[in-house]
Amino acid sequence: MASAWWPCLILALLSGLAASGFLRSPSRPLGKRSLPEGVVNGIEVYSTKISCKVTSRFAHNVVTTRAVNRADTAKEVSFDVELPKTAFITNFTLTIDGVTYPGNVKEKEVAKKQYEKAVSQGKTAGLVKASGRKLEKFTVSVNVAAGSKVTFELTYEELLKRHKGKYEMYLKVQPKQLVKHFEIEADIYEPQGISTLDAEASFITNDFLGSALTKSFSGKKGRVSFKPSMDQQRSCPTCTDSLLHGDFIITYDVNRESPANVQIVNGYFVHFFAPQGLPVVPKSVVFVIDVSGSMHGRKMEQTKDALLKILDDMKEEDYLNIILFSGDVTIWRDSLVQATPENIQEARTFVKNIHDQGMTNINDGLMRAINMLNKAREEHRVPERSTSIVIMLTDGDANVGESRPEKIQENVRNAIGGKFPLYNLGFGNNLNYNFLESMALENHGLARRIYEDSDANLQLQGFYEEVANPLLTGVEVEYPENAIQDLTQNAYQHFYDGSEIVVAGRLLDEDMNNFKADVKGHGATSDLTFTEEVTPDKIILWNGAAQSTLGWLDTVTVTQDGLSVTINRKKNMVVSFGDGVTFVVVLHQVWKKHPVHQDYLGFYVVDSHRMSAQTHGLLGQFFHPFEFEVSDIHPGSDPTKPDATMVVKNHRLTVTRGSQKDYRKDVSIGTKVACWFVHNNGEGLIDGVHSDYIIPKLF
């Protein structure tokens, strides 16, 4: 159980605190004073802010708490943050009276030893421990001298996963006292556009507190703000304790014009895949349930309640069976049966009569389920286009039959043979969860802990709902071998409705113009292939060190400091600044299968007379009128394009008549304009030579 209680990392502050004698410094006396409201045990937490920035499902969160010791003596101040189990800490700092002490994040292999060593030496140290269903707790304490201020700042990051059609950001709120400035703010940016955005809190039970919550979204941006006043934080109008204690959950989803979306940044890409509207693939599911003596009482009743609800939700085209294991194995039916109303009713009767008894034989229960599914497939008793699933629930360790975890894993792995997933549910804490998780993961499934609580039956139902509707099986995401490297997992047994497949990788050539991504899978009625044409072409807007990345598929206007940039989807980009000066960058697209030509950008200037007379450059030198004369028009090598002599800048040049498109007024088709073409790369017309205006890159 070590990894369950000492997970992921440790954060130990630099030794300067202990070395300076700060922790042992005597308190300095202060005169008597009235303590402001919100002071608990001499400590006032006057500011807590949780700032969340989400871009393309990736959340960057900063938790900042500021406190002051109002007491006459030194006090210990603790900083507790509960963060999601899937998050990782990237930074922590402790600032005392303006002096900042940075932290060092350590890997879990050395976490426990370094933490104990730091504490034994009198240093300040923090440790992450498991805390509840979805969270782990980071805790650090420090002695603060009388009158001193301390600021804790923790930064953690997390890739938000999609469950039941929504991305979820889970924040734990528990300031434990009234806070003068308390705020949660979340800014979300999704290139696909935001389709829904919501926020709720378990402690918001009245309109008075609800008025502190605002949420809005438009286009690609969304924002959630929760900013309760001190009066709104009170548990009652005259109380001095806070009602802010519970879960604050932000959920959202994105627009999906196509099943896939690929985003490219700095030579890396991330591929999101979540098709909608597909028919559900029929499933054959065997429930393997622990009915040993330790399941007695509420756990057994909650398991039965959950199974009854799950049976009601099964579709008639599904197949099922129920296997019970204790010291022995009991099966409901000898083979899989279809989920007809009659069979479901008989299954309900069987479940209602389940009783706990005996020991725990995990191995035999699982092997009976796996063999049953294999036999049904081999004997064609289930539809060819269907999938198989094993869901096992236990609250303890194997203690009869084959009880060695490594041997059970080997037996299960060999029997399944990679053909279908195993999902393990661990009920409570008195079990080897690492064993359940390892066995599930190596069989393309996952493990989930079911917490002993009043809603354990809802936890079980909730898990089943996540896997109840497979839309695709045997999903493979393919890329050209010569285009991609460092690819993450790109093969999945199932794609479930409401979830999302995410694949990331690195482009071999950052300047690659395009590549193709194919997602293949088996659907309910046919094999499906989704093809996405991926292009790294992007528009980067810089504002000092900050940058915003947009694409030609966007329709957006950005305005700041007198500069306006408008992108019109797949057409052009209009840049305006100053006194009406406007540039138009047109995306000229050619036939995709053209053997030679590629898409290119055309740069055009509107109202160039507004530019300064000092403007120069390849185009700028022609923004203002200049003298030229054309004479001696005569036939050229092409009878349709006469030649002539042009005198300009004291040079006599040979020019050829032709036409060009002017896209300043009509960005789609352009206007045909007659013009003279200058030979030899504009030699004699432009200042200097053409190579003077060529640079290797813009930045």
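**Exercise 1. Which residues line the largest cavity?**

*Solution.* The model is predicted, so local features need pLDDT of at least 70 and side-chain atom pairs count only at pLDDT 80 or more, while totals for chains, interfaces and linings use all residues. Residues are numbered from 1 along each chain as its sequence is written, and side-chain values use heavy atoms, with hydrogens and water left out.

Step 1. Begin with the rule. On a 1 Å grid over the protein atoms alone, a cavity is a set of points where a 1.4 Å probe fits but cannot get out, a pocket is an open set with protein on both sides within 12 Å along at least five of seven lines, and lining residues have an atom within 4 Å of a point.

Step 2. Apply the rule. The lining of the largest cavity consists of F287, I289, T303, A306, L307, I310, I391, L393, L425, L460, F463 and Y464. The volume of this cavity is about 110 Å³, where a volume is the space filled by probe spheres set on the points.

Step 3. Assign elements, taken as DSSP runs (helices: H or I, at least four residues; strands: E, at least two) numbered from the N terminus. At least two lining residues come from each of strand 20 (283-290), helix 6 (298-313), strand 24 (387-394) and helix 11 (456-467). Helix 6 gives the most, with 4 residues.

Step 4. Sort by class: Ala, Val, Leu, Ile, Met, Phe, Trp, Tyr, Cys and Pro count as nonpolar, Asp, Glu, Lys and Arg as charged, and the others, Gly among them, as polar. The lining of the largest cavity has 11 nonpolar residues, 1 polar residue and no charged ones.

**Exercise 2. Describe the second largest pocket.**

*Solution.* Step 1. This pocket holds about 1300 Å³ of space.

Step 2. Its lining has 25 residues, and L619, F622, Q660, C675 and W676 lie nearest the centre. By class, the lining contains 17 nonpolar, 5 polar and 3 charged residues.

Step 3. C675 is partly exposed because its relative accessibility is 22% (buried is under 20% relative accessible area, exposed over 50%, partly exposed in between, with a 1.4 Å probe and protein chains only).

**Exercise 3. Which cysteines does the disulfide join?**

*Solution.* Step 1. A disulfide is a pair of cysteine sulfur atoms within 2.5 Å. C236 and C239 are joined in this way, with an S to S distance of 1.8 Å.

Step 2. The torsion about their S-S bond is about 95 degrees, so the disulfide is right-handed.

Step 3. C236 has a relative accessible area of 25% and is therefore partly exposed.
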